[in-house]
Amino acid sequence: MTPVGDGSGFDNLGLSPTTLEAVRRAGYSQPTPVQAGLIPRAIAGVDVLGQARTGTGKTASFVLPILERLTAAPGRDKGVRAIVLVPTRELAVQVRDEFEKLAAGSHLRCVAVYGGKPIKSQIDKLAKHPEVVVGTPGRVLDHMSRGTLMLGTLEIVTLDEADRMLDIGFRPDIEKILRRCPQSRQTLLLSATVPPPVAKLATRYMYEPEILDFSTNEIAVETIEQFYFTVAPTRKFSLLEKLLEREEPRQAIVFCRTKRGTDKIHERLQRRRKVAADDVACIHGDLAQSVRDRVMRQFREGLVRVLVATDVVGRGIDVSGVSHIVNYDIPEFCDDYVHRVGRTGRMGREGVAYTFVTPEEGPQLTRIEMRIDKLLERIEIPGFVALDPSPTAPAVQPAASGEATAPAPTPPKPATPLLGKKRGPKRIRRAL
Ligand code: ADP
Ligand code: MG
């Protein structure tokens with residue numbers, strides 16, 4: 001057998017030689033803190049609640065113990081042995097891919113089940129008795145009710161992105177699924193944040209969970225620079241264009257609040273970008289699954305450079321090329337800010353996040369700043385008129401519409417970038 005782990009930081013986590021080899025082939029040389037903390041405990045068989053910010057390698061922290069536990073002992077009756085519940089279809093695919101990468105060398109098979117895809121091919125795959133299933137709660141329940149997925153032989157249940165699953169209303173589905181899992185199972189729960197609903201879920205469905213908290217107070221990743229623009233609703237699109245032109249991002253995600261808004265910005269960007277209109281794409285929950293899959297593939301391959309997205313779909317996307325996040329609409333919930341921004345700066349790479357804040361949205365910005373315990377820096381693009389001529393005029397149109405009519409004259413501020421490092425009192429600095 002090839003010597004394993006020559007100096008590999010994964011050596012002491014209790015992984016078998018085969019798994020260590022797969023980890024090495026995946027190119028992981030050092031475990032991330034959440035991996036170093038979670039893997040040995042999960043292999044030991046205890047229930048673990050792992051809290052860590054996005055981009056810290058939570059997927060491998062549960063995939064590796066699942067692999068170890070399933071290869072250590074044979075399963076019973078060909079039934080499913082581990083299930084991973086995830087909030088979105090994209091994450092289901094991502095987790096399945098990570099599983100397949102790390103399971104190389106073992107005989108374990110993993111199937112992803114999610115809505116929007118014909119159920120027939122999933123039924124066929126499930127009929128071949130995969131050991132591991134990754135799925136969205138709705139589709140998992142669907143398979144359970146058809147009898148194409150039975151949970152009686154489950155050994156490990158994992159809830160990935162538990163906070164998000166609860167946010168988007170999966171609680172009843174998750175509870176239904178958990179109630180059908182054997183009592184003797186092991187439960188792993190991963191979450192970027194642990195608000196009370198997640199804690200409640202853990203109390204109710206986990207057995208004496210060990211809580212491993214790797215979220216420092218500084219929630220937003222340190223390698224991400226974070227700025228905000230004060231901008232009138234009517235000027236947001238022009239600002240976006242200017243920003244993309246100035247920054248030439250390697251890859252960017254532009255977050256919008258609504259599906260309609262996402263479509264609109266996408267169409268306008270395609271129309272306006274003279275060069276390479278097809279390097280822009282959009283993704284949201286109303287698009288056919290085949291379209292979403294294609295867009296994600298093109299984004300991952302770097303063919304799409306600017307992806308306009310809603311929160312639900314944007315969350316959890318792990319594409320290492322993402323250099324820029326633009327919050328075209330300021331997120332409604334503070335946690336969404338953390339998740340959006342976490343799409344860049346993956347694994348210590350550098351990234352930058354810009355948030356567009358309209359004069360009315362000051363309080364939302366403050367809430368975000370309190371949540372991440374950090375002040376965002378205000379920035380301007382020299383010469384760009386970001387506000388309407390009269391800042392006291394009532395805000396006109398609803399956000400993100402009809403801004404072709406806004407050739408506002410002079411900016412109310414000097415047209416130099418305000419990259420001031422000075423930390424004045426918040427309320428004063430917040431001159432929106
Ligand atoms: P999270 O679920 O915490 O948001 P992911 O599991 O999606 O994070 O991991 C983020 C990225 O880091 C992925 O591209 C993954 O392949 C990579 N990664 C995970 N663990 C390691 C490691 N130990 N060394 C290097 N890269 C890693
Ligand atoms: Mg994750």
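Tutor: Two strands are said to pair if DSSP finds at least two bridges between them, the strands themselves being DSSP runs of E of at least two residues and the helices runs of H or I of at least four, both numbered from the N terminus. The structure above is a predicted model, in which local features need pLDDT of at least 70 and side-chain atom pairs count only at pLDDT 80 or more, while totals for chains, interfaces and linings use all residues. Residues are numbered from 1 along each chain as its sequence is written, chains are lettered from A and ligands numbered from 1 in the order in which they are written, and side-chain values use heavy atoms, with hydrogens and water left out.

Student: How many bridges join β2 to β5, and in which sense do the two run?

Tutor: Four bridges connect β2 with strand β5 (residues 156–159), and the two run parallel. Within this pair, I83 has V157 of β5 as its bridge partner.

Student: What is the order of the open sheet that contains β2 and β5?

Tutor: Its seven strands follow the order β3-β4-β2-β5-β6-β1-β7, with parallel pairing. The edges are formed by β3 and by β7 (210–213), each of which pairs on one side only. For angles, the axes are lines fitted to C-alpha atoms (for helices, over the stretch in contact), and values run from 0 to 180 degrees between N-to-C directions. Neighbouring strands of this sheet are turned by 15° against each other on average, direction ignored. Helix α3 packs on the sheet, where it touches β2, β4, β5 and β6 (contact being heavy atoms within 4.5 Å), and its direction makes about 165° with that of β6.

Student: How should I read a nonpolar core, and how many residues has the largest one?

Tutor: Such a core is a set of buried Ala, Val, Leu, Ile, Met, Phe, Trp, Tyr and Cys residues joined through side-chain atoms within 4.5 Å, where buried means under 20% relative accessible area, exposed over 50% and partly exposed in between, with a 1.4 Å probe and protein chains only. Here the largest core has 39 residues, and L64, I66 and F99 make the most contacts inside it. Its largest share, seven residues, comes from α3. Setting aside residues up to four places away in sequence, I66 touches A82, V84, F99, V132, I156 and T158. Apart from this core lies another, of 30 residues, including V80, L85, V133 and L159.

Student: Which residues of α1 are buried, and against which helices do the buried residues of α1 pack?

Tutor: T19, L20, E21, A22 and V23 are buried in α1, whose buried residues pack against α3 and α4. Just after α1, G27 takes a positive phi of about 90°.

Student: Where do R164 and D336 lie, and is R164 buried or exposed?

Tutor: The side chains of R164 and D336 form a salt bridge at 2.8 Å, N to O. This pair links distant parts of the chain, with R164 in helix α7 (residues 162–167) and D336 in helix α14 (residues 334–341), 172 residues apart. R164 counts as buried at 4% relative accessibility, and D336 does too, at 6%. Elsewhere, R171, E175, R179 and R204 are linked in a network of salt bridges.

Student: Which strands does α14 touch where it packs on a sheet?

Tutor: The sheet in question is open, with seven strands in the order β10-β11-β9-β12-β13-β8-β14 and parallel pairing. Its edge strands are β10 (280–283) and β14 (377–378). Strand β8 (residues 224–230) pairs with β14 in the parallel sense over two bridges, and F227 has E377 of β14 as its bridge partner. Helix α14 packs on this sheet and touches β8, β9 (252–255), β12 (324–327) and β13 (351–357), its direction making about 155° with that of β12.

Student: What share of the 432 residues of the chain counts as buried?

Tutor: Of these residues, 55% count as buried, in a chain with 16 helices and 14 strands. Among contacts with a separation of 6 or more, 77% come from residues 24 or more positions apart.

Key
Salt bridge = Lys/Arg side-chain N within 4 Å of Asp/Glu carboxyl O.
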